[in-house]
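Here are my notes from going through the model. Have a look at the structure first, then work down the points.

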Amino acid sequence: MTSSTYRYGANVRANGIRQHYLRYGGQGRPVVIVPGITSPAVTWGFVAERFGRNFDTYVLDVRGRGLSEASGALDYGLDAMAADVTAFAEALGLRDYALVGHSMGARIGLRAVSRHGAAPARLVMVDPPVSGPGRRPYPAQLPWYVDSIRLMREGADLEAMRPFCPTWTEDQLRLRAEWLHTCDERAIVTAFNDFQTDDIHADFPRIPCPALLIAAGRGDVIRPEEEAEIHRLQPELAVTRVEGAGHMIPWDDAEGFYRAFGTFLGTAV
């Protein structure tokens with residue numbers, strides 16, 4: 001059995017708020033993982049364990065989620081979250097790092113490098129929502145997020161979570177059920193609404209570093225014609241698909257997810 005690569009959890013004050021993160025590995029190129037809309041850092045632990053074999057891996061609790069700061073006074077918009085990531089990397093003194101974002105986290109990474117001065121050596125965007133004004137709506141519905149959060153906030157167990165994530169393992173359901181209550185509903189609603197109102201396409205031509213787009217073959221988040229538009233906007237972008245996976249790619253096909261990186265980060269995941 002492979003020993004755990006988990007090192008510790010910690011907080012850092014960056015961009016004016018408390019940001020909580022988990023660290024794995026500790027050696028190799030730094031990698032900052034930014035999860036999606038209702039995914040506290042701990043739910044990406046199994047991915048970070050794998051990354052920790054070859055990379056100094058940091059998984060961020062995005063503001064309003066997990067153990068990072070949350071309040072009614074916080075700005076939960078995309079630009080605020082992107083500025084957080086830039087400040088996080090600066091506060092930890094990360095150099096030559098890679099920024100890997102999933103879903104909302106991919107939009108955060110893109111906005112961070114295009115408008116907020118983040119300077120990773122590599123950017124990986126995993127199935128970012130490409131909805132926006134005048135575009136096809138994001139395929140998920142807001143009640144899916146809000147209803148499950150409210151159930152977990154009331155103390156429901158993994159069986160109540162099962163209808164929301166019917167293909168997940170019991171361990172995955174248990175972890176989500178344990179941590180979902182830490183997602184501030186205000187943060188989730190704002191981020192979901194931003195999927196419809198904040199168009200990220202203007203950010204693609206402004207990517208300053210080598211970038212990789214990983215799309216889910218079954219997620220219906222990025223269709224082939226949308227992928228083609230993104231490639232026209234950023235011809236240098238590398239693109240790959242994990243054909244058998246839905247939007248939550250590592251949960252559906254973990255090995256396919258890791259293979260999709262190839263050696264883009266300098267070595268295989």
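1. Ground rules. This is a predicted model, so local features need pLDDT of at least 70 and side-chain atom pairs count only at pLDDT 80 or more, while totals for chains, interfaces and linings use all residues. Numbering runs from 1 along each chain as its sequence is written, and side-chain values use heavy atoms, with hydrogens and water left out.

2. H2 against H3. Helix H2 covers residues 78–91 and helix H3 residues 104–115; they pack at about 70°, with axes 8 Å apart. That makes H2 roughly perpendicular to H3 (the label covers 65 to 115 degrees). Axes here are lines fitted to C-alpha atoms over the stretch in contact, with angles from 0 to 180 degrees between N-to-C directions. Helices (H or I, at least four residues) and strands (E, at least two) are DSSP runs, numbered from the N terminus.

3. Who meets whom. From H2 come Leu78, Asp79, Met81, Ala82, Val85 and Thr86, and from H3 come Met104, Arg107, Ile108, Arg111 and Ala112; contact means heavy atoms within 4.5 Å. By type, this contact has seven nonpolar residues, one polar and three charged.

4. H2 itself. Eleven of its 14 residues are buried, so H2 is largely enclosed by the rest of the structure. Buried means under 20% relative accessible area, exposed over 50%, and partly exposed in between (1.4 Å probe, protein chains only). Among the buried ones are Asp84, Thr86 and Phe88.

5. The core. Which residues touch the most other members of the largest nonpolar core? Phe51, Met125 and Leu265 do, in a set of 86 residues. A nonpolar core is a set of buried Ala, Val, Leu, Ile, Met, Phe, Trp, Tyr and Cys residues joined through side-chain atoms within 4.5 Å. Leaving aside neighbours within four places in sequence, Leu265 contacts Arg29, Val31, Phe51, Phe55, Ala98, Arg122 and Val124.

6. Positive phi. Gly93, which follows H2, has a positive phi near 65°. Asp96 is not a glycine, yet its phi is positive at about 55°; Asp96 sits in the loop between H2 and strand E5 (98–102) and is partly exposed at 48% relative accessibility. Asp220 is another non-glycine with positive phi, near 60°. Its loop joins strand E7 (211–216) to helix H8 (224–233), and Asp220 is partly exposed at 33%.

7. Leu60 is in strand E4 (residues 56–60) and is buried at 2% relative accessible area. Beyond four places in sequence, Leu60 has contacts including Tyr21, Ile33, Val85 and Phe88. Leu99, in E5, is buried at 0%. Its contacts beyond four places include Val32, Val85, Val113 and Arg122. Leu99 and Met125 are 26 residues apart in sequence, with C-alpha atoms 8.4 Å apart.

Methods
Angles under 35 degrees count as roughly parallel, over 145 as roughly antiparallel, 65 to 115 as roughly perpendicular and the rest as oblique. Ala, Val, Leu, Ile, Met, Phe, Trp, Tyr, Cys and Pro count as nonpolar, Asp, Glu, Lys and Arg as charged, and the others, Gly among them, as polar.
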